[in-house]
Amino acid sequence: MGKTRNPLLSRLQELVGGTLSAEALTDLEDLLLQADVGLEATDFILERLQGAALPAAGALPTLKLLLREILDAPLVNRSPLLVPIHNQLNIWLMVGVNGAGKTTTVGKLANLSQKSGYSTLIAAADTFRAAPCSRSRRGGSGPRSK
């Protein structure tokens, strides 16, 4: 995540100060797409940022706060917990950019679910390498792991 975050924050710092101009929004669009935010999410963010005024002092923290509010808005009315339902098939799909910690998270969730009495099955798919399968097996190892 740090590999994506640091260059993104550095570039954001260059964009801010005053009203976000059309050029700054275009640059921000490029940054968001390069950070694998996705086209739909990028459009959603840019629509809400159009015409936003940022103070000359503290522009970056203000922009970060605006981005956080925009990204959190769709989650306001949702349950904050990822809780499996007993006696029912629960399927969780983990997606993200390389190095974001997906495989580690899956292993930790599998371990926790096994300790909580759930039967766990981990399936992995990776376009570039087979590492997630072997890493998931190690992280999700246990008596009921499949």
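The secondary structure of this chain, which is seen here in a predicted model, comes to six helices and two strands. The chain has 146 residues, and buried residues make up 23% of them.

We can now turn to one pair of helices. Two packed helices are described by the angle between their axes and the distance between the axes. Helix 3, which covers residues 39-49, packs with helix 4, which covers residues 59-72, at an angle of about 125 degrees, and their axes are 10 Å apart. An angle over 145 degrees would count as roughly antiparallel and one of 65 to 115 degrees as roughly perpendicular, and helix 3 and helix 4 are therefore oblique to each other. The crossing in which helix 3 passes helix 4 is right-handed. On the side of helix 3, the contact is made by Phe 44, Ile 45, Arg 48 and Leu 49, while helix 4 contributes Leu 63, Leu 66, Leu 67, Ile 70 and Leu 71. Sorted by class, the residues in this contact of helix 3 with helix 4 are eight nonpolar, no polar and one charged.

A further place to look is the loop between helix 5 (102-115) and helix 6 (131-139), where Thr 120 lies. Is Thr 120 buried or exposed? Its relative accessibility is 9%, and because a residue counts as buried when this value is under 20%, Thr 120 counts as buried. The side chain of Thr 120 also makes a polar contact, at 2.7 Å, with the side chain of Ser 113.

Tyr 118 is found in the loop between helix 5 and helix 6 as well. With a relative accessible area of 17%, Tyr 118 is buried, since that value falls under the 20% cut-off. Which part of Pro 84 does the side chain of Tyr 118 reach? The side chain of Tyr 118 reaches the backbone oxygen of Pro 84, at 3.4 Å. Along the sequence Tyr 118 and Pro 84 are 34 residues apart, whereas in space they are 8.9 Å apart, taken from C-alpha to C-alpha.

Terms used:
Residues are numbered from 1 along each chain as its sequence is written. This is a predicted model: local features need pLDDT of at least 70, side-chain atom pairs count only at pLDDT 80 or more; totals for chains, interfaces and linings use all residues. Side-chain values use heavy atoms; hydrogens and water are left out. Axes are lines fitted to C-alpha atoms, for helices over the stretch in contact, and angles run from 0 to 180 degrees between N-to-C directions. Helices (H or I, at least four residues) and strands (E, at least two) are DSSP runs, numbered from the N terminus. Angles under 35 degrees count as roughly parallel, over 145 as roughly antiparallel, 65 to 115 as roughly perpendicular and the rest as oblique. A crossing is left-handed if the near helix is turned anticlockwise from the far one by less than a right angle, and right-handed if clockwise. Contact means heavy atoms within 4.5 Å. Ala, Val, Leu, Ile, Met, Phe, Trp, Tyr, Cys and Pro count as nonpolar, Asp, Glu, Lys and Arg as charged, and the others, Gly among them, as polar. Buried means under 20% relative accessible area, exposed over 50%, partly exposed in between (1.4 Å probe, protein chains only). A polar contact is a pair of N or O atoms within 3.5 Å; within protein, one must be able to donate a hydrogen and the other to accept it, and residues adjacent in sequence count only if both atoms are side-chain atoms.
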